[in-house]
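Have the structure open while you read.

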Amino acid sequence: MESITETSIYMQSPVKISHEAQELLCCPICHAKLKRVGQEFECQRPECSTTFPILDGVPVLLNEKSSLFTIDDFVSHRNTFFSDADKGKLNKFLRRLKPTISRNISAKQNYRRLSELLLRQSTSPRVLVLGGSRLGSGMEAIAHTPSIEWVATDVSFGPLVTLICDAHDIPFEDQSFDGVIAQAVLEHVVDPYRCTEEVHRVLKEQGIVYAETPFMQQVHGRQYDFTRFTHLGHRRLFRRFEEIKSGAVCGPGMAFAWSYQYFLMSFATSKTLRTCLRGFANLTSFYLTYLDYFLIEKPGTLDAASTCYFMGRKSVDTLSDRELLKLYKGAG
Ligand SMILES: [Zn+2]
């Protein structure tokens, strides 16, 4: 994905994010202004003065005191979130084999809605994408809308990444964005509550967040997988937002298929055998995910969904826990 605007900016400057977004960058440690000095950004607060490298046009703005990652991980091009192990030939071959047991039923429609809402608020909304080094499921429509500025960040290099940063310390000034997207990200952060506080901080007044976070899913992303949320637990995570829409992204069918796959794989320790079992499970359970089209709006799905989503508007009010209980919409 590369709009004409982004291409022209890239030609003028070796940094991949737009000049306007660069102006909003701040130190991830102390929030002071940053100054570009050659191939680095330097914090302007004398007591901090931390420098951050720019690697192939991608600034690496990490607070090493709190991040799981170090700046040197990126300077040395070590595996971070996405591993080279994911790129094995057998893995790639099996991944190309259809069918799959992962399905996202709601994202496309939700991103269309998000896009409409953002464009109603601003003619050129700026959107921060956490975990955005690769295009997420259903994002095409919003990501390819030229009037929406897309600031794709991640803790891994990838085809779309324009900035390496950690969602615990987002290196942007308060109220920098009209929208923030976190699709399948918050299960991979050690402190999702801190990350949603950061999302709240960097959103403008009335800014919109869209998040998809797993509920009934097995561990994925190796050691970088920490938390799951029920539909209400997810609502509470965004308690400083007014709900626009929430529900299931994929239902019990996908949850069942994943359980079956991980059940089979747990019998094997060798990587090759596990990969073969994964392929076998895909071939013998993919049909379960199609049942989710039928189940997606049913109350029982919220009690057993593979992943839930939340779309909400930044609010000055905080949803109380007693009010939260009234929002249960499961089968009871
Ligand atoms: Zn600083």
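Which residues does L186 touch, not counting residues up to four places away in sequence? The partners are P192, C195, T196, A211, T213, L237 and F238, where contact means heavy atoms within 4.5 Å. Before going on, a word on the ground rules: this is a predicted model, so local features need pLDDT of at least 70 and side-chain atom pairs count only at pLDDT 80 or more, while totals for chains, interfaces and linings use all residues. Residues are numbered from 1 along each chain as its sequence is written, and side-chain values use heavy atoms, with hydrogens and water left out.

**Around L186 and α7**

L186 sits in the loop between β8 (177–183) and α7 (192–202); helices (H or I, at least four residues) and strands (E, at least two) are DSSP runs, numbered from the N terminus. With a relative accessible area of 3%, L186 is buried. Buried means under 20% relative accessible area, exposed means over 50%, and partly exposed is in between (1.4 Å probe, protein chains only). F226 is 40 residues away from L186 along the chain, and their C-alpha atoms are separated by 8.7 Å.

Now for α7 itself. Eight of its eleven residues are buried, so α7 is largely enclosed by the rest of the structure. The buried ones are P192, C195, T196, E198, V199, H200, R201 and V202. Their cover includes β5, β8, β9 (203–214), α8 (231–237), β10 (241–250) and β11 (307–314).

Y111, in helix α5 (residues 107–121), is another one to click on. Y111 counts as buried because its relative accessibility is 0%. Leaving out residues up to four places away in sequence, Y111 touches S137, G138, M139, I142, I181, Q183 and Y210.

**The zinc site**

What holds the zinc ion? C27, C30, C43 and C48 coordinate it, each through SG, at 2.3 to 2.4 Å. Donors here are N, O and S atoms within 2.8 Å of the metal (3.2 Å for Na, K and Ca); water is not among the atoms, so sites may look incomplete. The four donor atoms subtend angles of 95 to 118° around the zinc ion, which makes the arrangement tetrahedral; four donors get that label if all angles lie between 85 and 135 degrees.

Along the chain, the donors follow the spacing C-x2-C-x12-C-x4-C.

H31 has a positive phi of about 70° although it is not a glycine. D56, in the loop between β3 and β4, also has a positive phi, of about 50°, and is not a glycine either. Most residues other than glycine have a negative phi. H31 is partly exposed at 35%, whereas D56 is exposed at 61%.

**Salt bridges**

The structure holds 15 salt bridges, each a side-chain nitrogen of Lys or Arg within 4 Å of a carboxyl oxygen of Asp or Glu. Here are three of them.

| Pair | N to O distance |
|---|---|
| R45 and E47 | 3.1 Å |
| E149 and R126 | 3.2 Å |
| R228 and D225 | 2.6 Å |

R228 is partly exposed at 25%, while D225 is buried at 12%.

**A nonpolar patch**

Finally, which residues form a nonpolar patch on the surface? They are L68, V190 and F226, with about 250 Å² of accessible area together. Areas come from the Shrake-Rupley method with a 1.4 Å probe, and for residues only the protein chains shown count as cover. Patches are made of residues with over 30% relative accessible area and no salt bridge, with nonpolar side chains (Val, Leu, Ile, Met, Phe, Trp, Tyr) joined within 5 Å and like charges within 9 Å. L68 lies in the loop between β4 (58–61) and α3 (71–75) and is partly exposed, at 44%.

Definitions and conventions. Tetrahedral: all angles 85-135°; square planar, octahedral: opposite > 155°, others 65-115°.
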